[in-house]
Amino acid sequence: MSNMSRERQGSLAGAVGIGTNILLFVIKLIAGLLSGSVAIMADAVNNLTDSGSSIIMLVGFRLSGKPADREHPFGHARIEYLCGVIVSFIVLILGLELAKTSIGKIFSPEKASFGPISLIVLGVSVLIKIWLCLFYTRVGRNINSQSLIATASDSRNDVISTSVVLLGALLTRLTSLNLDGWLGLCVAAFIIVSGVKLTIETADPLLGRAPERELVQGIYDRIRSYEGIIGIHDLTVHSYGEGRTFASVHCEVPAEDDILVSHDLIDNIERDFLTEENIHLVIHLDPVITCDPKANELKERVISRVEALYPQAAIHDFRVVWGVTRSNVLFDVAVPFSVKDSDEQVKAEVTAQIEAMDPTYRAVLAVDRTCVDQS
């Protein structure tokens, strides 16, 4: 999907959200004023914050579609994440204010009157929010927008909160119990929880969230499918927004092959990833000696020892400097983040295993952390 098409769909979703939520705010505010219900007015304010969220989202999609420039060579797509953080803080602050007002109503209750109009408004609001949740979800999945998917979740929470107000209004009308302050507090709680979740979801990419496991595994599997690649390691993936993925990786090739042939292979892989996966991939070429039987046999023994310690680990950049009284065995060991041992512990355990194989071996190794099993 082109960036222009994505921007148009995102902008349309934002515009629909603005119009729908402003309409809900107006009719709920009128119903709240007529009934004197703080719960309905709290729900109205919730819709007002949703319309503000939609405005910020609309602006975010417009700005994120700007092309790269000198100051921002990777584009402006992360503005979408920044707008999401702003929206989440607004939601959180308003939720806290509504909770404060509702608590005041609990300790100093005022009689609320829920007439037929108020009940009809709440019922229609639930139906509209259900439709809006489905609309956001469909568009969000279609353009792979985390901010839209998060907004869909917020609309789902609105369905729950408005349903709580509607149920409470019916109970108040049937039993004459004054539940208005408690209902307002329930709505405020939903808004606060939604604000916290939105903050986490939108701030995560800005903090450098790890790439999806499926994406990482897919890159590994595809590179391995090229003839001439004998090993892969040190993959790093950075996302600068939808459609702006940059990655770097080390690829091992036989040192005996013609360097021009290996370089051409690397160029083809990088070009294929850009044209077919829309991933800007940079590959570092690592030549590996494969015609030393003694070193190859030692490598297999080392792999066996390392996997016995850490089944999901892998080694790379393996080489041996043979000496008369001592031989240096150099390599990196990659272990997943799920391994609880510290890097120092991993290094000590592996070193002990190598030196136990032969007292003349001196292990020189570094520890890498990886998101997936590279074995």
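Visitor: Buried means under 20% relative accessible area, exposed over 50% and partly exposed in between, with a 1.4 Å probe and protein chains only. Is Asn47 buried or exposed?

Guide: Asn47 counts as buried because its relative accessibility is 1%. This is a predicted model, in which local features need pLDDT of at least 70 and side-chain atom pairs count only at pLDDT 80 or more, while totals for chains, interfaces and linings use all residues. Residues are numbered from 1 along each chain as its sequence is written, and side-chain values use heavy atoms, with hydrogens and water left out.

Visitor: Which helix holds Asn47?

Guide: Asn47 sits in H2, residues 38-64; helices here are DSSP runs of H or I with at least four residues, numbered from the N terminus.

Visitor: And which side chain does Asn47 make a polar contact with?

Guide: The side chain of Lys28, at 2.7 Å; a polar contact is a pair of N or O atoms within 3.5 Å, and within protein one must be able to donate a hydrogen and the other to accept it, with residues adjacent in sequence counting only if both atoms are side-chain atoms.

Visitor: What about Lys129, buried or exposed?

Guide: Lys129, in helix H4, is buried, because its relative accessible area is 1%. Setting aside residues up to four places away in sequence, Lys129 touches several others, including Asn47, Asp50 and Asp158, where contact means heavy atoms within 4.5 Å.

Visitor: Which residue just after H4 has a positive phi?

Guide: Asn144, with a phi of about 55°.

Definitions and conventions. Helix = DSSP H or I, 4+ residues; strand = E, 2+ residues; numbered from the N terminus.
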